[in-house]
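Here is a short tour for anyone who likes to see geometry spelled out with its cut-offs. Have a look at the model first, and then we can walk through it together.

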Amino acid sequence: DWTMRAFREEEIAKIRAQVGKGKVICGLSGGVDSAVAAVLIHEAIGEQLTCVFVDHGLLRLDEAKTVVDLFRHHYNIPLVHVDASKQFLGELEGVTDPETKRKTIGRLFIEVFEQEAKKIGGADFLAQGTLYPDVIESVSFTGGPSVTIKSHHNVGGLPERMNMKLVEPLRELFKDEVRKLGRELGLPEIFVGRHPFPGPGLAIRCPGDITRDKLDILRKADAVYIDQIRKHGLYDEIWQAFAVLLPVKTVGVMGDGRTYDYVVGLRAVTSTDGMTADFYQFDMKFLGETATRIINEVKGVNRVVYDVTSKPPGTIEWE
Ligand code: XMP
């Protein structure tokens, strides 16, 4: 792709000019954006870059392994893998307000990056895979009054006291462009084609308070759902699909016993940039089969519902 080749060269020059001989820390989330940003910056400044993958305990099943494999083995880019799940889940205990969740997570990310920066003798820059829609949605709702819809944890600058400046080479791109750039940089298709995954992770797919038990249930249900979507060859038709664990228990019957377990919500949307979206029209047979699999394979769930809300008025994530 000619445009992306040009963009790549231009951005590399810009990154070199901005960073000089400075050191950069880049947070990887497991998503496409941060991976593309990291590979691009690595190409620009090589060993001046340290990539940090923070496991906040809010990741999908096997996520850490996928990311570590990609960076250490495929790219040979050094990667610091920090297990910060105790810290994150500890501070999130009892937190139910969506904005408080996001802000807590954002603050802890910064703390972890600061710690890691110290370990390498200080860093001058923090790199993030912020995209154009992240910038807009955190600032205002297009066409409406200027209100914050959601504070994307990775937008809005850094705390004053921090001595790091931001490097955000994707700030002008939309998702489809990031994917093109990722291909241009040789990222494997299976990674480039992945659905977006938000920085705050499963925290915003678990309305109400977050516990390890709920997260485990959610991770399993989500894995079954995505497996179903892949098996039916629907993955690439869908912009984003995921499971949500509702903070509600309902009564059910299994075998000859009464159950009282959680409800899983399934979400799938089509979109071109995440700014607007339509709910995906699965056939009922697929949904029925998926519900049965989730209830049979995931302990703690006895009911499954499908979200038929588009954006607007809904957002893609539930929080
Ligand atoms: P919403 O839920 O606002 O999501 O319709 C639009 C797109 O943005 C992703 N998203 C986030 N990504 N940090 C991120 O990195 C965040 O805080 C965040 N919130 C939402 C969401 O998954 C969807 O692709």
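Is the crossing of α9 and α10 left-handed or right-handed? The crossing is right-handed, a label used when the near helix is turned clockwise from the far one by less than a right angle, with left-handed for anticlockwise. Before going further, please note that this is a predicted model, in which local features need pLDDT of at least 70 and side-chain atom pairs count only at pLDDT 80 or more, while totals for chains, interfaces and linings use all residues. Residues are numbered from 1 along each chain as its sequence is written.

**The helix pair**

Helix α9 covers residues 212–231 and helix α10 residues 284–297; they pack at an angle of about 145° with axes 10 Å apart. Axes here are lines fitted to C-alpha atoms over the stretch in contact, and angles run from 0 to 180 degrees between N-to-C directions. Helices (H or I, at least four residues) and strands (E, at least two) are DSSP runs numbered from the N terminus.

On the α9 side, Ala221, Val224, Tyr225 and Gln228 meet Thr290, Arg293, Ile294 and Glu297 of α10. Contact means C-beta atoms, placed from the backbone, within 7 Å. Ala221 also turns up in the largest nonpolar core, which has 77 residues, as one of those with the most contacts inside it. Such a core is a set of buried Ala, Val, Leu, Ile, Met, Phe, Trp, Tyr and Cys residues joined through C-beta atoms within 7 Å. Helix α2 (residues 32–45) gives the most to this core, with 10 residues. Leaving aside neighbours within four places in sequence, Ala221 is in contact with Ala243, Val264, Ile294, Val298 and Val301.

**Exposed residues**

A residue is buried with 20 or more other C-beta atoms within 10 Å of its own, exposed with 12 or fewer, and partly exposed in between.

| Residue | Other C-beta atoms within 10 Å |
|---|---|
| Arg212 | 10 |
| Asp62 | 11 |
| Asn76 | 9 |

Asp62 lies in the loop between β2 (49–55) and α3 (63–75) and has a positive phi of about 65° although it is not a glycine. Asn76 sits in the loop between α3 and β3 (79–83), with phi near 65°.

**Cis peptide bonds**

The bond from Lys311 to Pro312 is cis, with omega near -15°. The bond from Pro312 to Pro313 is cis too, with omega near 10°. Pro312 lies in the segment after β9 (301–306).

Terms used. Contact = placed C-beta atoms within 7 Å.
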